[in-house]
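Dear colleague,

I am pleased to hand over the structure shown below. Kindly look through it alongside the notes that follow.

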Amino acid sequence: MTLTLTNVSFKIGDQEILRDLSFTVKPGECLALVGPSGCGKSTTLRLIAGLDRPTSGSIYLGQDNVTDIAPDKRRVGMVFQSYALYPHLSVAGNLELGLRIRGITKSLRIRKVQEVLQRVQLSDRASLRPAQLSGGQRQRVALARALLRDPKVYLLDEPMSNLDAQLREELRPELKHLILKEQKPVVYVTHDQHEAMAMADQIAVLRDGRLEQLASPTMLYQKPESLFVARFIGRPQINLIPKDDGTTIGIRPESLRLDSVGIPCRLIEREWLGSHQLWLLDSQHGHLRITLPADAEPNETLHVSWNTNEQHCFNTDTGKRRS
Amino acid sequence: MNRFRSLWIAILLSWSLGPLLWQLYTSFSSDQALLEPLTSLDHRWTLTHYRSILNGEPPFWKYLVNSLIVSVFSTLLTLVLAFPAAYAITRLGKKIARTLSAGLVLAALFPFVLLFLALLEFARTFNLGNHLLALCMPYAALSQPLAILILAAAIRDLPTELEDAARLEGFSLWQRVRWILLPLLGPAITSTGILVFLFCWNEYPIALTWISDSELLTLPVAIARIAGSSVYSVPYGAYAAATVLAAIPLMILVIIFQKSIVSGLTSGAVKS
């Protein structure tokens with residue numbers, strides 16, 4: 001069942017939180033919403049879930065307009081950033097309560113809970129309280145709860161942000177495996193662009209409540225539509241060189257190369273990144289970042305240049321892509 | 001440092017427990033022993049006072065039951081009314097909620113004794129005098145502000161995402177209250193209930209004016225009657241015995257709910 005948002009806007013008083021957001025997520029597809037904090041990505045999830053009502057625009061699940069349907073009737077499975085597990089219930093209790101509310105018989109409830117616990121590998125934790133679990137385990141309980149809802153769409157609000165970097169990397173494929181094989185649309189909110197690139201088929205970059213660009217991770221990296229997207233996606237950050245003719249040239253650090261001619265530079269900082277290294281250079285255009293092989297050594301005089309078909313041109317005033 | 005602290009605790013304890021112990025002592029002392037405290041007597045200790053009030057007409061346990069009925073029902077009524085109000089306040093817009101809370105604080109600070117004449121008039125008009133359960137009305141009404149404020153603070157402490165998660169799972173409002181809010185608010189509800197219970201147990205002016213039938217008196221009024229029963233003497237012993245008996249149910253209550261009273265009263269003090 002496809003999830004579609006058409007021209008969804010949301011205001012609190014006079015404050016515009018979201019403006020004219022439209023996108024489509026097909027079954028089995030994952031859309032990541034990224035952007036700086038306050039850009040409206042969590043609000044978008046709340047609107048899809050029905051916890052807030054859009055000021056204008058519509059939300060469709062398949063052919064059904066669900067804009068005015070109450071959250072308890074909408075059948076969405078959501079994993080909250082805080083996980084929002086019921087603290088007074090055991091893991092099994094947390095999972096069972098919703099089934100009980102929905103009128104499922106006791107024997108079936110027990111079977112379903114056991115099944116899902118096995119799927120998220122928490123069978124041995126069934127009787128513990130959420131407070132006795134680690135962050136990763138809590139996340140899996142929250143996920144199991146969403147799975148048990150048998151939802152039409154999955155909404156994940158920064159599900160990894162409470163975990164440490166190593167665990168995040170370990171859990172990413174696991175999460176992908178568990179959720180995506182359900183063949184339901186998935187909307188994934190994150191502020192971590194690595195996570196977005198790893199999880200998503202499409203990435204929507206939001207800025208101040210507006211959709212800045214919606215594209216596949218590759219396209220977003222290779223063809224950013226605006227300066228904002230170019231800066232937001234890709235680490236180390238893209239180099240931006242303003243020109244006199246009102247354009248700004250963007251070159252990714254890996255597209256720069258050391259040369260005998262080109263922009264003269266001075267090395268001010270070196271960072272080892274393991275397989276390669278990052279140099280911070282000072283030039284007439286300000287600081288430039290360049291990634292180089294791990295064994296590269298600086299010469300007396302440094303010049304950098306780049307292949308012009310690897311550069312991105314933006315209008316300096318509007319921030320929009322030129323070519 | 002430690003010795004100083006225990007000394008300090010001993011001073012505070014004797015300060016607050018002293019009068020109670022004195023009352024206990026008085027209730028078991030014969031009248032003669034009370035009048036001549038230092039002389040040696042054959043009959044210093046006695047149960048006469050307890051016997052006399054328990055065999056009075058009506059017997060004293062009748063007042064205990066009366067107070068228990070009034071206090072229990074008032075407390076239940078208060079909680080039933082205050083909980084939805086508190087929930088509503090936390091879910092309203094910030095501006096309205098702040099105005100309402102300010103109004104509630106004012107109402108909670110209002111000296112209710114000033115209302116008793118108006119309440120008496122009210123009882124007369126609607127024929128509520130000498131009905132035990134009619135007292136629940138003013139008691140529950142007067143307890144509302146404090147109860148709503150405490151419960152609202154406790155509800156505000158719960159993360160709203162818990163309720164959001166429950167809504168997405170298909171819980172109706174009533175199901176969220178039953179399965180999520182009530183279990184999590186247990187301590188706050190208990191401590192609010194005990195505060196209300198204490199108020200009802202101790203309330204005097206309204207009970208005095210609404211109830212005149214000696215079969216239906218509540219404890220404070222009954223005890224005052226014992227104290228003023230004779231023109232020529234003050235029955236210290238009987239009075240003390242009545243106070244001791246009246247305090248016992250409260251002590252039992254507090255001992256049972258000790259833990260949740262403390263955690264309820266301090267909820268909101270620290271974020272977990």
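Predicted model: local features only at pLDDT ≥ 70, side-chain atom pairs only at ≥ 80, totals over all residues.

Is Val113(A) buried or exposed? It counts as buried, because 21 C-beta neighbours lie inside 10 Å of Val113(A) and the cut-off for a buried residue is 20 or more. Apart from its neighbours within four places in sequence, Val113(A) makes contact with Ala92(A), Leu95(A) and Glu96(A). Ser123(A) is 10 residues away from Val113(A) along the chain, and their C-alpha atoms are 9.2 Å apart.

**The contact between the chains**

How many residues does each chain bring to the contact? Chain A gives 17 residues and chain B gives 16 residues. On the side of chain A that touches chain B, strand E6 (76-79) and helix H2 (91-101) supply at least two residues each. The largest share, 3 residues, is that of H2(A). Sorted by class, this side of chain A holds 11 nonpolar, 3 polar and 3 charged residues.

**An open sheet in chain A**

Chain A also has an open sheet of 3 strands, ordered E11-E12-E18, with antiparallel pairing. Strand E11 (239-242) and strand E18 (312-315) are at the edges; each has a single partner strand, so one side of each has no neighbour in the sheet. On average, neighbouring strands of this sheet are turned by 30 degrees against each other, direction ignored. E11(A) pairs with strand E12 (residues 247-251) over 4 bridges, in the antiparallel sense. Within E12(A), Thr248(A) is the bridge partner of Pro242(A).

Yours sincerely

Methods: Residues numbered from 1 in each chain as written. Chains lettered and ligands numbered in written order. Pairing = 2+ DSSP bridges. Axes fitted to C-alpha atoms, helices over the stretch in contact; angles between N-to-C directions. Contact = placed C-beta atoms within 7 Å. Nonpolar A, V, L, I, M, F, W, Y, C, P; charged D, E, K, R; others polar. Buried ≥ 20, exposed ≤ 12 C-beta atoms within 10 Å, placed from the backbone.
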